[in-house]
Structures are given as C-alpha cells and as structure tokens.
Amino acid sequence: MKMEFDLRSISFIISFFIFLLILTKILKKPNSTLKLPPGPPQLPIIGNLHNLLGSSLTHQTLKHLSDKYGPLMYLKLGEHSAVVVSSPELATQIMKTHDVIFAQRPITLVSTIVWYNSTGIAFSPNNDYWRQLRKICVMELMSLKRVQSFRSIREEEVWNLVTDLKSNVNSVINLSKKIFSLTYAITGRAALGQKNSDQELVIKLVEDITKFAAGFSVAELYPSVRILQVMSGERSKLEKIHERMDTVLERILHQHKQENPRKTGEEDLVDVLLRIQKNGELEFPLTDDNVKAVIWDIFTAGSETSSTTVEWAMSEMLRNPRIMEIAQTEVWRVFGPKGNVDETGLNELKYLKAVIKETLRLHPSAPLLLPRESNQACEINGYTIPVKTKVMVNAWAIGRDPRFWTEPERFDPERFLDSEIDFKGTDYEYTPFGAGRRICPGILFALPNIELPLAHLLYHFDWKLGANLKFEDLDMTESFGLTVRRKNDLYLIHVPHYI
Ligand code: HEM
C-alpha cells in the first residue's frame, strides 16, 4: 500500500514538473507587435490542438476552419506555429514567389530518427548536398528513360494480378488489398531488385512508419520538452523501427555490392546508386546512408500514393457507371485489336487520363502536400509569417475552390478533356503533386503505375458491388493517414469481359 502511494506521488510530482516545464516554455508571450494571419482563438499550452484533435480528417477540418478564418490561417499546434494555405493565389506565393523561403521540410522526431536525417536529403534544401541528391532522383532514378526500363516489371506484375483475378471470377474480392500489393511489388522490384526476400518486411516497416508519421504525437508537439520523448516511449519505438529498417537495407546493399555489376537484367535503383557511388560521379561522396535514405524515400513516397489513386479512380467510376462505360469503351477500342493491354497504347487513353486527373483533384493522395517550414520571417498579404512556421498547403480544399471549379464536388473527368490544366506544378488551383522546388520528383514513375493497372482492370472485367448494393450507395468515406485512402476496403465482384 505504502509502495503504491509512493509510486503515485512520484508520478504526480513528475507530471507536475513536466506540466510546469511546458507551461513556462509555451506561455512565453508571442511578439505582440507581429501581425499574424487570422485564426481560431487559442487555448493556453495546447494552442489550437482542440480544433483538430476531435477530428479524424485533418484536411477537412482545416477547410472548414479556413472557410471561417480565411485562406491564410494561423494556428498554434503545441509549441509550433503553423499556417494553412487554402487558395491557389496564396499557394502561388508559398510555392513560387517565396519558394526559397518555404522550400524546407520541418525537422521532426520521426525524420531525425528514421529518415537518415544526416543525409540532408529531405530536409535542408539550402545546401549543395540536398541539391545533388534531388538531382540524382530526378535525372537518374525517376527519369523517363529509367521509368521505361521498368516496363517489363510493371507489365509482368499487373499480368500476375489479372491472372489471379481470372482464377476467381464471380466472387467477392478485396480489390483494395490486391491493388496495394501490386504497387508495392512493382516499387519493390524496381527499387530493390528481382523478388527480394526482404520485400514483405520492408512493406511492414513502411506501414509502421507512415502510421507513426501521420498522427499528432505529444513528443512532436512539444519538442523542447525532451523528457516527453522518453516518457511517451516514442523515441524508443522509432529507434526500434529504424534499427530493423537499417538492418534490412544494409543487407540489401550488401547483396547488391556482391553482385555488382549485374550479369543479367536491368539495373534496379540500388544498382544505379551504387554505380554512382563507385564511380564518384558527384561532387561529394555518396555514402551508404545516402543510398539507404533515397531508397527508403522512394518506397515510402511512391507506393501508397499510387495505389490510393487507383483505388479512388475505381471507386469513382463505380459510382458513375456512365463514366466507367466511356472509359471501358476507350480501353477496348485502343487495345481490342491487339488482344492485350500493354504500355505502348497508354498514351491514347485520353479519357482514362482525364479520369485519373479528376481523381487526383478530388482525392489528392497527400491532401496537405508535405509540410514546409519558413527559413526566415516574411510577409504575405500584409501578414507576418514568422521564421520556423510550419506551412500546410491544403490541396484538397484548393481542388474544391468554387471560383476555379464548377460544381466542385461532382466527379467530372470531362472538365479536363479540353483543358490545359495539368499537375506539373504550374497551375496552382490543381497541385496533387505539389509545386516549386519541392514538387514530387516521382510523377513519371507514378503515372504508368496508375494507368496500366486501371487499363487492365477495365479491359478484362466488368465490376459489380456485392450484397445488391446500388452504385450510388458506395461508401466513399476517407481514412486518416499520411496518405488518404478509403476508410473501408473496396469489396467487388468481377465478371470476365470478352470483347
Ligand atoms: C499518385 C502518385 C503520387 C502523388 C499524388 C505524389 C504526391 C507527392 C506530393 C504532394 C509531394 C510533396 C510535394 C510538395 O510538398 O510540394 C511528394 C513528394 C515526393 N514524392 Fe511523390 N507522389 C506520388 C508518387 C510518387 C512516386 C511514385 C515516387 C517515387 C518513385 C514519389 C517520390 C516522392 C519524393 C521522393 C518526394 C519528396 C520530395 C522532396 O521532399 O523534395 N512520389 N509527392
């Protein structure tokens, strides 16, 4: 009993001590002379966390708040200053006019421990190191030529999926699961090489870390109170994930080094990086940690984003049978005479491309893009954005701005058919891949990963909802995460289609 009392007192004293620490750090009066953007009233210590914590979908809650407080909205999230941008005009200011100031990603506990922060790849664009690594990504790893070199991998993996689907037609399948495994298999083979035995483990680790990175953790919200990292157990969990990941990546690097150069087949991305490392083609030495960081980035950034898009495109077409029919007719017209779908005809699928664009407007995989951080104070629209402010661009809200999109909530691929609007980072009302110097470097890599599976799914099968559901009843609820996928997996019945 006595012991119990002592423990409780100790934990009370510790909690009280932490509370005081937080209080003194957080109640430091902000510089009241600054003209900050408008935002909801803040509470002591937590700032605006109460505005977000109850909601499971941050991008939607932020849109509602922005409708009230304006497209440049200031929030205090724990210790952090944050600004949410919800109009194309302001997105232009952040990602174009002031791109140099906002090109940095915030350094977080997750990034420090897990993403090989020392390499600088994802976090500090103001040094040559980062510029060189990003150049490798754009020029070497995700160039059109490299992406084309993985054509046979994509065709083989998608064909495996079709064969699997053909073996159990007329039954209910979990299409979401199959699409996610497909994209992981393609990315895994392209990045790590043929049928890597560690692939499953890598997938599991990516899932663990993206779950971690998606949430608001106490340690991230109050980084100056270091003890919270230890007490919440977050540091040790992250360190464990990193340790396991490092072991796997180390093993993959070792196998590749032993077999390098490859006797047969195309280079995978690890091979390319090791070749650059060996030839000393860069102005600085490419370390093993750099190689691991790049591979890890590609895996985490590339897999779930593409599969989410395929999943939403199928969902939207199912809800709109007329659109599904037009897309199918196009696929049959283009590939029918060949008797099979391959990548040579993808460019002719104008309607399917419009379906994908419209899917990315309503369901951008990363609705808040990736956070940026100001590296100096600056003024936007007469308001001060202090240094080290986290900036979130709400691409989800911008894609629904009624000033730019008629009937914004309607899924209407035709709006893209005779339109010049593209996702390459020049049209700020439509930025599912971001824009500016932080724009997604994987666009070319992503497109065939989305187009080819969709073309196959439409070519070989007709799709029905199970349990006598009507198409318009299909549930479209989003789930919370780093990427926003369907809350409930897509269970469908597929019937073979003979043309
Ligand atoms: C539908 C598919 C995809 C979507 C919607 C998407 C979207 C995005 C977005 C919104 C960003 C942040 C951009 C910004 O802050 O301005 C990003 C960054 C990134 N993406 Fe993608 N992405 C996709 C596929 C891919 C693929 C397939 C790869 C690699 C193979 C990839 C690699 C990356 C990397 C490495 C970054 C970080 C870039 C940086 O911080 O400088 N992405 N992506």
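Which residue stands opposite Ile 173 in strand 9?

Good morning. This is a predicted model, in which local features need pLDDT of at least 70 and side-chain atom pairs count only at pLDDT 80 or more, while totals for chains, interfaces and linings use all residues. Residues are numbered from 1 along each chain as its sequence is written.

I begin with the sheet. Helices (H or I, at least four residues) and strands (E, at least two) are DSSP runs, numbered from the N terminus. Three strands form an open sheet in the order 3-9-8, with antiparallel pairing. Strand 3 (172-174) and strand 8 (461-465) stand at the edges with a single partner strand each, so one side of each has no neighbour in the sheet. Two strands pair if DSSP finds at least two bridges between them; strand 3 and strand 9 (residues 491-496) have three bridges. Here is the answer to my opening question: Ile 173 has Leu 492 opposite it.

Next, the ligand. It is surrounded by 26 residues, and the closest are Ala 301, Gly 302, Gly 434, Cys 440 and Gly 442; a residue counts as near if its C-beta atom, placed from the backbone, lies within 6 Å. Two or more residues of this shell come from helix 15 (288-319) and likewise from helix 19 (443-460). Helix 15 gives the largest share, seven residues.
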